[in-house]
Amino acid sequence: MKTYLVTGGFGFIGSNFIRYVLDKQKDIGIINVDKITYAANPGNLAGYSENYKFYRVDIADKTALSKVFQENKINCAVNFAAESHVDRSIADPGIFIKTNVEGTLNLLELSMKYRVEKFLQISTDEVYGSLGASGKFNEETPLSPRSPYSASKAAADMLAMSFFHTYNMPVLISRCSNNYGPYQFPEKLMPLVIINALNDKDIPLYGDGKNVRDWIYVRDHVKGICLVLEKGKFGEVYNIGGNSEAENVDIIIYILDKLNKPRSLIKYVKDRQGHDRRYAMDFSKINAETGFLPKYNIEKGIDSTINWYKKNESWWRKILSGDYKEYYKKMYENR
Ligand code: NAD
Ligand code: TYD
């Protein structure tokens, strides 16, 4: 039995990863370390108790985090824990440095001290910055983060890689494009659009709506992470992409049409400050080294995401009626 320390396991991608691993691999135990921020939802892992343990710990609190390492023999650490929303980082960057940078440093130091056999830093294409109309990010693209969120993720990547070079620590980094799918907190574009459309509410579209993201269904990302863990080489970065570039306006129109809602729900609003224009991923390296290929095309992925949000209305109703309500109102209803 191998033990994985998974941070941020109550979040969107972390919980999809934990469910996937526990469902498929009976020889892996999971320790989930999560601070339970606004973005966490313990219900995402309801029903999982076998080979699974949870610690409510802030990764920025090294003393509390070190207890997790003292009490458990950890073979592999996968760091999902992060403040993850660009708009929030623009409004209040401090916590992004605390969690994404200081928290990652604590994990690296403790993983080194307790001789963890593999450390995977979960990162993002946003560290590369913004593309023009053509070209794609590959692993050699210089880092050029442009938001406080992406700057904090780039700093964490550089720290992680410095531990490989300086201390010969077994570090891997995966950088993925925009995820969507079940259990995504409705501050991100896809769930926000689906939920607002279901509620006949306006959909805020930033700027001219033509910013491009490369969308990946979360299950494909999770499979890519498993392949990096299985076959990745220490000290290497692996881009993970969905092969699904789309303009924001087209994503919204697709969802509205699927739900038989009028396009008049789209409201063009003031652009995000420093809004990255286009992301696109060259993921030929992970494809060549591990065989990774995304299975979901964007239509299939969005259809299945819409179905999940329709079937799991109680999941998102709880979020909308909780602490998030005020934030949601401020950000999206009064623009
Ligand atoms: P999320 O916001 O849904 O979840 C983050 C989780 O981390 C939450 O459960 C939260 O409680 C936990 N957390 C936050 N601060 C913490 C702290 N100080 N200590 C312990 N736990 C803490 O995020 P997500 O979308 O699932 O993203 C997960 C990771 O994947 C992040 O590192 C993010 O940068 C990266 N990523 C996300 C995307 C995307 O499209 N969502 C794309 C590429 C990479
Ligand atoms: P988001 O889901 O916040 O992811 P990221 O900024 O990390 O790519 O946003 C995806 C795209 O959608 C981005 O170009 C900003 C845009 N967007 C809107 O137009 N309206 C919205 O309400 C949100 C949340 C995002």
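A: In this predicted model, ligand 1 is surrounded by 28 residues, and the closest are Ile-13, Asp-34, Ser-84, Tyr-149 and Lys-153. Some of the polar contacts can be described atom by atom. Ser-84 places a polar side-chain atom 2.7 Å from an oxygen atom of ligand 1. Lys-153 does likewise, with a polar side-chain atom 2.7 Å from an oxygen atom of the ligand. Lys-35 takes part through its backbone: a backbone N or O atom of Lys-35 lies 3.0 Å from a nitrogen atom of ligand 1.

Two of the closest residues, Tyr-149 and Lys-153, also belong to helix 5, where they are part of a contact with helix 4. Helix 4 covers residues 94-113 and helix 5 covers residues 148-167. Their axes come within 8 Å and cross at roughly 15°. Because the angle is under 35 degrees, helix 4 counts as roughly parallel to helix 5. The crossing of the two helices is right-handed.

The contact can be followed along each helix. Helix 4 contributes Phe-96, Ile-97, Asn-100, Val-101, Thr-104, Leu-105, Leu-108, Glu-109 and Met-112. Helix 5 meets them with Tyr-149, Ser-152, Lys-153, Ala-155, Ala-156, Leu-159, Ala-160, Phe-163 and Tyr-167. By residue type, the contact of helix 4 with helix 5 has 13 nonpolar, three polar and two charged residues. Lys-153 is therefore one of the charged residues, as Lys counts as charged, and its side chain also has the polar atom 2.7 Å from an oxygen atom of ligand 1.

Ligand 2 is surrounded by 18 residues, the closest being Glu-126, Pro-204, Arg-213, Arg-272 and His-275. An N or O atom in the side chain of Glu-126 is 2.5 Å from an oxygen atom of ligand 2. For Asn-178, a side-chain N or O atom is 2.8 Å from an oxygen atom of this ligand. Tyr-206 uses its backbone, with a polar backbone atom 2.9 Å from an oxygen atom of ligand 2.

Terms used:
Residues numbered from 1 in each chain as written. Chains lettered and ligands numbered in written order. Predicted model: local features only at pLDDT ≥ 70, side-chain atom pairs only at ≥ 80, totals over all residues. Heavy atoms only, no water. Near = heavy atom within 4 Å. Polar contact = N/O pair within 3.5 Å; in protein donor to acceptor, adjacent residues only side chain to side chain. Axes fitted to C-alpha atoms, helices over the stretch in contact; angles between N-to-C directions. Helix = DSSP H or I, 4+ residues; strand = E, 2+ residues; numbered from the N terminus. Parallel < 35°, antiparallel > 145°, perpendicular 65-115°, else oblique. Left-handed = near helix turned anticlockwise from the far one by under 90°. Contact = heavy atoms within 4.5 Å.
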